[in-house]
Amino acid sequence: YGTVEPRINENPIPIEETMGERDLDTMVKGFRVVDLAVTIRPTDITLLQYAIDNISKSVAFWGQYEDITAQMVVMGCKANELRLDMVKGAVLSAALTFFGKDYNYVGLTDATMGDKPSEDPFNFPDQGVQIDGSDAPEINSVSLTVNNNLERIPDWGQTPRAIVEKQRVITGEIG
């Protein structure tokens, strides 16, 4: 029902040092940027609420790579942007971008991996849209974007001290 794509940039800072006849390149780690791009066909609204209702609350994502028997945990995630795309007679598509504080490759000891959804995803009705109780058959698609304009507040070290909400901007299109 979806994909989760971690986007991690360690932001290395190249420093050149000269020692005798040799030039050595060493890498110093800068401010780490940890993002997640999540694309789902939602079966409930739980994850979507992190972009709308629960914006001040952070969440951790825990995934397993079955083909290489590894796992990854991205901690302190807040939803920066949510985009919903609805087309008449099709399944609802949701794309979320999360800002994370940090990540590691150690699983969570106090949590269990959830089951895959068994319900059908939401779909945009074939009948179309109603406005004030009247059918509006000319509306075939609707898209909505919620941008929370998050900002990472830097701290000493690689992880941000906080991820704070800025002015929320909501836009949409009707086709």
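The protein exposes about 11,500 Å² of accessible area, of which carbon and sulfur atoms supply 51%; such areas come from the Shrake-Rupley method with a 1.4 Å probe, and for residues only the protein chains shown count as cover. This is a predicted model, in which local features need pLDDT of at least 70 and side-chain atom pairs count only at pLDDT 80 or more, while totals for chains, interfaces and linings use all residues. Residues are numbered from 1 along each chain as its sequence is written, and side-chain values use heavy atoms, with hydrogens and water left out.

The mean pLDDT, the predictor's confidence in each residue on a scale from 0 to 100, is 82 for the protein, and 89% of its residues reach 70 or more. Where pLDDT is low, the predicted coordinates should not be read in detail.

| Strands | Sense | Bridges |
|---|---|---|
| β6 (residues 70–87) and β11 | antiparallel | seven bridges |
| β11 (residues 141–147) and β14 | antiparallel | six bridges |

E81 has N147 of β11 as its bridge partner, whereas S143 is bridged to E173 of β14 and T145 to T171 of β14. Of the six residues of β14 (residues 169–174), zero are buried, so this strand lies largely in the open; buried means under 20% relative accessible area (1.4 Å probe, protein chains only).

Technical notes: Buried means under 20% relative accessible area, exposed over 50%, partly exposed in between (1.4 Å probe, protein chains only). Helices (H or I, at least four residues) and strands (E, at least two) are DSSP runs, numbered from the N terminus. Two strands pair if DSSP finds at least two bridges between them.
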